[in-house]
Amino acid sequence: MLLYEMIINNNEKIVYKYYPEGRKSFGTVFINKKTKEYNVDKLAPNDEVKTYLMHMFVQIRKFIEEDDFKEKGAIAWC
């Protein structure tokens, strides 16, 4: 499970914190509003193999496709 929350939304970018397993440690990702490019800013300490980051990137692609950036949410998979 992965929790995420938007922490910045300005004219240039959107930044999300993502929390693997809902823990206190987090990573951050950003989206450039003009180019729609996204990338990791800070990898979460408990995400060494980037599993949670990849799930967050899938969610970001959905946000971009739908042009609907959620304030916060959860992602679960099996």
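User: What makes a stretch of residues a strand here?
Analyst: A strand is a DSSP run of E covering at least two residues, and strands are numbered from the N terminus. In this predicted model, Thr-28 is found in strand S3.

User: Why is Thr-28 called buried?
Analyst: Buried means under 20% relative accessible area. Thr-28 has 7% relative accessibility, so Thr-28 counts as buried.

User: Which residues does Thr-28 touch, leaving aside its neighbours within four places in sequence?
Analyst: Its contacts are Val-15, Tyr-16, Lys-17, Tyr-18, Val-40, Asp-41 and Lys-42.

User: Let's turn to the helix. How do you know that the length of H1 agrees with its number of residues?
Analyst: Helix H1 has 16 residues, 51-66, and at 1.5 Å a residue they should span 22 Å. The C-alpha atoms at its ends lie 23 Å apart, which agrees.

User: What makes the buried residues of H1 line one face?
Analyst: Those buried residues are Tyr-52, Leu-53, Met-56, Phe-57, Gln-59, Ile-60, Phe-63 and Ile-64. Seen down the axis of H1, they fall within an arc of 165 degrees, so they line one face of the helix. The face turned away from that buried side carries the exposed residues Glu-65 and Glu-66.

User: What covers the buried residues of H1?
Analyst: The cover includes strands S1 (2-9), S2 (13-20), S3 (27-32), S4 (38-42) and S5 (72-75).

User: Why does Gln-59 count as buried?
Analyst: The cut-off for buried is under 20%, and Gln-59 has 16% relative accessibility, so Gln-59 counts as buried. Not counting residues up to four places away in sequence, Gln-59 touches Tyr-4 and Ile-75.

Terms used
Residues are numbered from 1 along each chain as its sequence is written. This is a predicted model: local features need pLDDT of at least 70, side-chain atom pairs count only at pLDDT 80 or more; totals for chains, interfaces and linings use all residues. Side-chain values use heavy atoms; hydrogens and water are left out. Helices (H or I, at least four residues) and strands (E, at least two) are DSSP runs, numbered from the N terminus. The expected span of a helix is 1.5 Å times one less than its number of residues. Buried means under 20% relative accessible area, exposed over 50%, partly exposed in between (1.4 Å probe, protein chains only). The arc is that of the directions from the helix axis to the C-beta atoms. Contact means heavy atoms within 4.5 Å.
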